[in-house]
Amino acid sequence: MSANQTRGWGRLALGMLALLAFGSCASTKTPGTQVDDAAIKTQVIARLATNGKTNPFKIDVQVSEGVVHLAGVVDEPGDRQIAEDEARSVEGVARVINDIRVGDQSAGQMLDDGAITAKVKAKLAASAEMNPFNVDVSTSQGVVSLVGRVKTQAQKDEAERIARSTDGVRDVRNLLKVGDMS
């Protein structure tokens with residue numbers, strides 16, 4: 001390995017450490033929990049992609065403290081259960097919340113859901129009371145799900161208020177937990 005390659009890998013490693021440190025300082029989750037959740041999410045998505053039955057592009061996966069939240073649309077009722085079973089089979093999963101709907105989701109609805117998610121995330125980032133690193137947002141057919149951990153009940157309530165006040169939101173599923181992790 002050349003000296004330039006070694007320096008490049010060193011810079012990459014340093015950048016990754018800085019990113020991890022920044023993310024862990026900004027979050028109510030411990031760095032270990034953040035890494036565990038990311039690993040679980042990656043494994044669930046991989047299983048959805050490789051089982052031959054579910055389309056991972058139609059299913060949103062969020063993980064917080066080992067709780068997997070599935071949202072999106074599948075074509076067949078059995079596919080909803082298959083997705084849940086795949087998530088449950090991943091080591092470290094404590095619970096699965098299955099908000100997958102059965103039916104057809106138009107391209108327009110998918111675009112609308114993406115826009116709603118982006119708007120809610122932007123409003124959370126702009127809020128003086130909220131730390132956007134602590135709240136994962138997903139939207140399926142206009143229903144916004146909030147997953148993660150906040151420090152106070154007031155922050156949980158504020159996140160829900162922000163989501164509900166966003167154009168296009170039909171309902172909000174507030175799955176946020178309150179308090180620092182011990």
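## Strand pairing and packing

Biologist: In β6, which residue is the bridge partner of Val143?
Modeller: This is a predicted model, and what follows is computed from it. β5 and strand β6 (residues 171-178) lie in the parallel sense and are paired over eight bridges. In β6, the residue that bridges to Val143 is Asp171.

Biologist: On the β4 side, which residue of β5 is the bridge partner of Asp136?
Modeller: Strand β4 (residues 135-140) runs antiparallel to β5, and six bridges join them. The hairpin of β4 and β5 has two residues between the strands, and Gln141 takes a positive phi near 55 degrees there. The partner of Asp136 in β5 is Val147.

Biologist: What angle does the direction of helix α3 make with that of β3?
Modeller: An open sheet of three strands, with mixed pairing, has the order β1-β2-β3. Its edge strands are β1 (59-64) and β3 (95-102), each pairing on one side only. Helix α3 (residues 77-88) packs on this sheet and touches β1, β2 and β3, and its direction makes with that of β3 an angle of about 160 degrees.

Terms used. Residues numbered from 1 in each chain as written. Predicted model: local features only at pLDDT ≥ 70, side-chain atom pairs only at ≥ 80, totals over all residues. Heavy atoms only, no water. Pairing = 2+ DSSP bridges. Helix = DSSP H or I, 4+ residues; strand = E, 2+ residues; numbered from the N terminus. Contact = heavy atoms within 4.5 Å. Axes fitted to C-alpha atoms, helices over the stretch in contact; angles between N-to-C directions.
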